Structure formats: structure tokens, C-alpha cells
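Q: I would like a close look at one part of this model and at what surrounds it. Could you take me through it step by step?

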Amino acid sequence: LIQILGLSVHFELFQNRLLETGLPLFAPITFFDPRYSPLIGQLQFLRAENLDFAWITDGRVDWSLLLALVAAVLVGGWGLVQAGNKGRVTGKRVTRDEGRKSSRLIARYSSPVAHYSLPITLIVLAATAWLLTRAHALPPADLRDAVGELNVRTTAADAVITATPEEAATFAELYKGRADVLGLNAGGPPLDAGTATTLARMTKSHPRVWWLPNWLPPEQSGVELWLMGNGFRAENRSFGERRLALYYFPSQPLTETAVGATFGDAIALERV
């Protein structure tokens, strides 16, 4: 019951409410003071529009999936009860004489579940597979589109930086490329020294860095301010509410070219 309460709505709703109090993440008082207990805090978000199950999204119930899951639970539960039952005892009493009379009961145990074990297993597996398929399709379309762009365009020489730790598992399922991936809990400036060192090391070995930010705009993101200050933003695309930017970090310093320069005797720079 405790787990159901904790998982019925996304934890970030309560976590964001906690941050609004001014307390930092993982402040010691939040572990021991009942006022900050998630078991109590989650109750205020238990509404249909906040439920976080595969069979209900944005308050809309997927009745076919829900009924299939309930049926699998009932059938599986019935099978477990029957399997735990010793069954019906049948047999006959046999007597033998070896100087004294003794008797023993030859018993045969039979349980109805033995005849239905395969159908029960198939029903439970089918419902589980449907659940996993439905859950896999739950990520927002804008995130799927942004990661789809990464799947098409990234190479093993690239790097990808994400800024949404709560989406780490979803990103790992969606991303099929071979680029190195760095996940950061990115906030506003100033950027801490450890993160700056990690970014410098990554951009030194990866000339192209793809940045999948959180909701912060560039001017309020410590990581993106560092990327803009140390590299060159080559692309900045939007996928619904998600943004994907490409930063270029050349191995050699770039030089400025004046208006009128020609490139390969084919292209002339007219203005900048």
C-alpha cells in the first residue's frame, strides 16, 4: 500500500512543491520531519489528472488495457490459490501382514490448476507484454521526436548531454545511437567547478556536442552558458516544447574572415 501511494503520481510533483519552500534537494530535515514526508505530501496530488499509470494518461483511462490487467491478476491469483491447495485426496487403504497387521494410505493429489497452468501463463504473459508495449509508447511525442533526430544524426565521435535526470530511463530506451551520453542535473548559473571540468574534458574529445536541455532557457542555464561561451552553436531546433541544440568545438582556433573572401573559387562571402 505504501508503494502504491508513492507511485500513483509522479514524484516530481511533490519534489517541486518541496523546492518551493526554499529547502535544497536532500536537505537532512526532509528525511525526518513529518511535514516533508512524501507519504503525506503525495496525498494532495492524488487526482485523476495526476495519476501516473500505464493505463491512465492525462486523466484518460485505457479501459481495454485496464480490463486485461485486472483479468490477468484475477486469473493469476486464482492459479496461485489453487497451486497452494493440497488438492483432493483419493486412494485406497492397503493392508499387509508381516507378523503384524499394518496399513497405509496410498494417496493421489490432484489440483485443477495443473490442467490450466499453460492458459494461465499465456494470459498473464500476454497482459504483461501489452502493458510493457503501452508503457513504452508513453513518452511525450516531443521527446521521442528530439531523440529520433539524435538517432539519425549522431555518430560515435559525438557527445550528447541531457539535463533531465527523471527522463534518464526513457532516454536510454529511445536512444539507439553510439554517441557518448552525459546526464547532468543542470540548474542555473554559476556552474560548479566539477561540472565545468567534466564539460571541458568532454568537449576536448568530442568536436560536436548535442545538448538536450530541460525547461530552462539558454540565458538561465549554467551548462548552456558554458557551452555558448566555449563553443559555437551551430543549430537550435524545437520539437514541440523540447529543444535540441548542436554545439561545435573545433580542434583548432577559428579565424575571422572578412567580407569579400572566396571559398574554393566558388563561394563568395558578401555579408556577415
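How many residues does α7 have, and what distance does α7 reach from its first C-alpha to its last?

A: Happy to! Please keep in mind that this is a predicted model. Helix α7 has 13 residues and reaches 18 Å from its first C-alpha to its last, close to the 18 Å expected at 1.5 Å a residue.

Let us start with the side chains of this helix. Buried in α7 are Asp 142, Leu 143, Ala 146, Val 147, Glu 149 and Leu 150. Viewed down the axis of α7, the buried residues fall within an arc of 145°, so they line one face of the helix. Their packing partners are β5, α8 (168–174), β7, β8 and β9. As a whole, α7 (residues 141–153) lies across β5 (159–162), β7, β8 and β9, and it runs at about 140° to β8.

Now for the sheet itself. It is an open sheet of five strands in the order β6-β5-β7-β9-β8, and the pairing is mixed. At the edges stand β6 (180–183) and β8 (232–239), each with a single partner strand, so one side of each is left without a neighbour in the sheet. On average, and with direction ignored, neighbouring strands of this sheet are turned by 20° against each other.

With β5, β7 pairs in the parallel sense over four bridges. With β9 (residues 242–248), β7 (residues 208–212) pairs in the antiparallel sense, again over four bridges. Two bridge partners of Trp 211 can be named: Ile 161 is partnered with Trp 211 in β7, and in β9 the bridge partner of Trp 211 is Ala 245. Trp 210, for its part, stands opposite Leu 246 in β9. Strand β7 is also mostly covered, as four of its five residues are buried.

Leaving aside residues up to four places away in sequence, Ile 161 touches Leu 182, Leu 184, Leu 199, Met 202, Val 209, Trp 210, Trp 211 and Leu 212.

Most residues other than glycine have a negative phi, and most peptide bonds are trans. Pro 189 and Pro 190, however, are joined by a cis peptide bond, with omega of about 5°. Pro 190 lies in the loop between β6 and α9 (193–205). The other detail is Asp 265, which has a positive phi of about 55° although it is not a glycine. Asp 265 lies in the loop between β10 (262–263) and β11 (267–268). Asp 265 is exposed, with a relative accessible area of 77%, whereas Asp 142 in α7 is buried.

Key
Residues numbered from 1 in each chain as written. Predicted model: local features only at pLDDT ≥ 70, side-chain atom pairs only at ≥ 80, totals over all residues. Heavy atoms only, no water. Pairing = 2+ DSSP bridges. Axes fitted to C-alpha atoms, helices over the stretch in contact; angles between N-to-C directions. Contact = heavy atoms within 4.5 Å. Buried < 20%, exposed > 50% of the residue type's maximum accessible area, 1.4 Å probe, protein only. Expected span 1.5 Å × (residues − 1). Arc of directions from axis to C-beta.
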